[in-house]
Amino acid sequence: MQASRPPSWRLKAPHDIETQGLVVSGFSSLPTGRALFLNFEGKATTGGAWLRALDAVAPVTDADGKEQRAAAIAFTHAGLCRMGLPGAALDSFSDPFREGMFQEDRLRRIGDRRKGEWLDTVIPGGPQWSANTKQREGIAGVAGSQSLTSTGHQEEEIATPITVHALLLLYEKGEDLADGWCEQVRAVLAPHQVSVVHSLPLELLPDAKGIAREHFGFADGISQPIPYDDQAVALSGGQPAPRDPWNGVPLGEILFGHMNGHHEIAPGPVVPDDPTARAAGLKPHPLAEGFLDLGLDGSYLVVRELRQDVVGFWEAMRANAAHIRARDPKGSAHVTPVWLAERAVGRNTAGHLLCPGGFLPPNAYDLPDNDFGFYDRDRFGFGCPVGSHVRRANPRDTLAPDPSQKQTLLDAANNHRILRRGRKFGRPASDPPAADGVDRGLLFMCLNTDIARQFEFVQQTWLFNPNFGTLYDETDPLIGPKGQMTIHEKPLRRRIDVQTFVKMAGGDYFFLPGLSAYRYLKSL
Amino acid sequence: LEVKPASSAVLAALIDRLHDRGNGPAKDGQEDYAWFMQGVPCVHFLSMSIFPAADYDPLFLVEANFDGPPGPFWGQVEAAFGEVLRDMLRCCKRPLDADGALFDAVTAPDSRAPVAPYMEARTQRPSVFHHGNRGMTRDRILAERDLFVAIRTELATANSGGESPYRSMLPRQIHAGLRAALLRDRPWLAERAPVRLPYLTRLADLARLAVFAVLLVLGLSLPGLLLAPVMATPRYLILLGLAILLALAALYALRDPLPGTDTGGKTNLLGVIFSLRTLVIGGLAILLYLLTTALVTLLASLATGVLLREAWPGAERVALLGLASLPFSVLAIIAWLRWLELQDSSQDQPPVDENMIRQMAQREDWIPQNHMGSIVPLKPGILRSLVVHLGHLGLGLVLKVLPDSGVRGYLGSMRTVHFAHWAFMNNGSRLLFFSNFDQSWESYLDDFIEKAHVGLTLAWGCGVGFPPTRFLIQDGASHGRKFKSWARHSMAISRFWYSAYPDLTVDQIERNNRIANGLRKPALAAKEAEAWLNDL
């Protein structure tokens, strides 16, 4: 008998009750969500009292099964500082997390800011929120020479109006339930001088097959890495989960404390050994004597609030289609706004991959097939353009110079996967889209254990790389800045103008603790 | 150039000021380097960095990749930079060798002696060199970029506003139409494409490798060559057989990875040695060696008057018995190396200076290309020294000869390196590496880890503190994060760095070249034209 849903992966005991549920599930059975961005105003050191209070109304959901409602929590470095985490623990996090997303060199790499100015891919006036991470010590001397130069550059202090110390995600069955729950949360946090400084209503609106569409109208969240680990991962039915040939990644790419793609235990944070930490359930760290493993079964959560210009997107597609029709009246009957939009995305609106002459047929579960490579099927991008969003976001074996290198390049690409847990916010645009002044977009969230090698790499080396796949002077058509995009066709490629359709309104890096670490933070 | 430690801060400031002169007050905009671009028309990439070290005084290194002879190049650099170059040299130590006099002349107060000859005299050629677009001069790269952009414009604007003439054409006609349109401003399109790698260059590459191979075979047969004259053949063969068995046994005993360091890589040294390619190359080398022996015997017999007929049997016996010991030498060396590997200390967490890292980050990722320079101390020991020096020489020669790397510019499956150098410093105790590459440092290193870890482990595995290796090429760089932090800690800040074509990747230069070469042809066949259009 054929199952109606494909088997999914889950964590084996004890990791299932040690890991936040958000890691294994996007909570698709709970269509309504709220993202509450918390700030510890008032006291210099808040400790964990507020978290204990919160735990009474919104305990963090673990990963052992379906829940009536669900909560997830994550902290910025600035937040952990304010909660009074010991210095040795704070310093044991990786550099990107310690510096925050809004460090000047980092912002340049991921395409947000250059030479002291926000780029077009950021909302006018600059982002609204971040962790406002304090700079680490300034640049002083160089090893081996006494002082720096007369023209030494002083690193910029980049601040946003709103400071976010923690992110609370709530998932419920309906709007009213969610609103009520939020009120409860606000009420218990207020006495601890923890306030909700920003919030977003998250929607899922999945169709009958469980597929949700983003605001431009395309099925989203289809391609995800599938973790494997002999000790810690199984299939939903309990069977062993072998490595998926196309999308398999070691569990350590997503959770600290497990083997990662670089053949080591994914390094996470530690805390000095003490009875409180032991009581919370933290285990001795395998490498650092005298420290407990704060990272085990936790992860980094990258969050970016992305606003989408739905009207502008379809307007641009219409203008391009009209232009192409005018320049090529005889050969362009197939070029419609939807046809162009599908090329920019790389899938059709239902989520099926574009292929030469059509699209990839659905898999055995009547869902978009995600088990494919590009090299054999569509090397030059006559179906799914090389510069399309899906191909840039996960090139699979695209970049292989010859057939013998396909597997190498696929393996290489899988060393940079991220597990996406984003949801859209804002009421859907009308059909056809019309300007309505509503802020809508995607609260992009992804999990990874090595921010530089995973999230930042995808952003810089694939999505925003002007030379990706031997293209020239173009970036991601969907989320990149204004520019052009090449669509290969025979005999001659077409080029379309794209605008900046997606703008970042805030973001930062968060630590998504495992449940022992969560209990430890509560005990601070 | 060795720096006077007390002057290194001043030198750093001088370089930074040069950097800022290029960049204007803001830190970007490669176009601002126009003065340098025009002043030094043959340069591809140029970098200046100071390498501080715990065990040595700082080194000031100028890395230059340019077309043509060095004399005029340094003259142009001096003219473009002006007196600052002299000021920089004043921060450096007087060399201990014969160049000292020249140094004095150049750095004397109020000296007007040209600096260029001194720079030329102090130039050290790299021991291994890799060029991504071999045979492409800077002018050609720039002209072909201009052509690429012009084609884009022509296709987008022909018959402006109205119907595009190209859309209703067959591939062959599109080619012809574009050629006609672009030829007007570019008479060079009518000329035949200059050959990028002349036949003679390729032949010379091959000849150098052949000489190296013959000498290597000679070196590896030394045990047999020495023993054969003093031992009877059967005894010698028995001894050899036992020795080979012993070496094999040692290898078998040492084969396992150190606990926790296995990365499951599929390529291993024995696999490489017994691959068809190596066996064919090895067979050719042995054949060459035998030919050389015959030739040497002939020459010797001519010189000494001994008849060839009498000399040959003896010479042949020695040569063959010598060759018979080659497997033993190879196996014994591998076993010895393996034994060393098992005792090696690897540095899991190299000390990194946060300020240095910050300053590197500040200068990185402004354009889609980046630069790195690193110096690592080499592992001690006679075998290691031999292997690293010979290995380097061999690797460099092989890279040039193999079509993938020598002609098409690939290292493994990656083609992101414009120019890379290796060179030995400080009497061969340290290894310098410079690279001008596409994309970010992170992605470049990840490329190495994921796509070229075998070659990289071979090239850098001799560095002190490198992650644990197995049989010279396994594991090593596959320990990705450890390798990255090891590489990062060996790097210096690239204080001044210039690229003549900051927007072009190696791939794009090749693409432009394919397009230009196609457009130089008066007409293309239908199939050819279709493939050509695919590049536009």
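A crossing of two helices is called left-handed if the near helix is turned anticlockwise from the far one by less than a right angle. The views below all come from a predicted model.

**View 1. Helices H11 and H15 of chain B cross in the left-handed sense.** The crossing of H11(B) and H15(B) is left-handed, and the contact is built by B:Leu240, B:Ala243, B:Ile244, B:Ala247, B:Leu248, B:Ala250 and B:Leu251 on the side of H11(B), together with B:Pro327, B:Phe328, B:Leu331, B:Ala332, B:Ile334 and B:Ala335 on the side of H15(B). Sorted by class, the residues of this contact comprise 13 nonpolar, no polar and no charged ones. The axes of H11(B), which spans residues 233-253, and of H15(B), which spans residues 326-343, come within 9 Å and cross at roughly 30°. Because angles under 35 degrees count as roughly parallel, H11(B) is described as roughly parallel to H15(B).

**View 2. Helices H7 and H22 of chain B pack against each other.** The axes of H7(B) (residues 138-157) and H22(B) (residues 506-520) come within 9 Å, with a crossing angle of roughly 75°, and the two helices are therefore roughly perpendicular to each other. Residues of H7(B) in the contact include B:Arg140, B:Ile141, B:Glu144, B:Phe148 and B:Arg152, and among those they meet in H22(B) are B:Gln508, B:Ile509, B:Arg511, B:Ile515 and B:Arg520. The contact of H7(B) with H22(B) holds eight nonpolar, four polar and six charged residues.

**View 3. Helix H14 of chain A meets helix H19 of chain B.** The axes of H14(A) (residues 452-463) and H19(B) (residues 441-451) come within 10 Å and cross at roughly 110°, which means that H14(A) is roughly perpendicular to H19(B). The crossing in which H14(A) passes H19(B) is left-handed. From H14(A), A:Ala452, A:Arg453, A:Phe457 and A:Thr461 are in contact with B:Glu442, B:Ser443 and B:Asp446 of H19(B), and the residues of this contact divide into two nonpolar, two polar and three charged.

**View 4. The interface between chain A and chain B.** Chain A contributes 65 residues to the contact and chain B contributes 72 residues, and the area buried between the chains is about 5900 Å², of which 47% comes from carbon and sulfur atoms. Within the area that chain A buries against chain B, A:Arg327, A:Tyr472 and A:Leu492 supply 14%, more than any other three residues. Three salt bridges are counted between chain A and chain B. In one salt bridge the side chains of A:Arg109 and B:Asp365 meet, with an N to O distance of 4.0 Å.

**View 5. Backbone features in loops of chain A.** Most residues other than glycine have a negative phi, and most peptide bonds are trans. A:Phe27, although not a glycine, has a positive phi of about 55°, and A:Phe27 lies in the loop that runs between helix H1 (21-24) and strand S2 (32-40) of chain A. A cis peptide bond, with omega about 0°, joins A:Asp431 to A:Pro432, where A:Pro432 sits in the loop between strand S21 (423-425) and strand S22 (441-448) of chain A. A:Lys490 and A:Pro491 are likewise joined by a cis peptide bond, with omega about 0°, and A:Pro491 is placed in the loop between strand S23 (483-487) and strand S24 (494-498) of chain A.

Terms used
Residues numbered from 1 in each chain as written. Chains lettered and ligands numbered in written order. Predicted model: local features only at pLDDT ≥ 70, side-chain atom pairs only at ≥ 80, totals over all residues. Heavy atoms only, no water. Axes fitted to C-alpha atoms, helices over the stretch in contact; angles between N-to-C directions. Helix = DSSP H or I, 4+ residues; strand = E, 2+ residues; numbered from the N terminus. Parallel < 35°, antiparallel > 145°, perpendicular 65-115°, else oblique. Contact = heavy atoms within 4.5 Å. Nonpolar A, V, L, I, M, F, W, Y, C, P; charged D, E, K, R; others polar. Buried area = accessible area lost by both parts, 1.4 Å probe.
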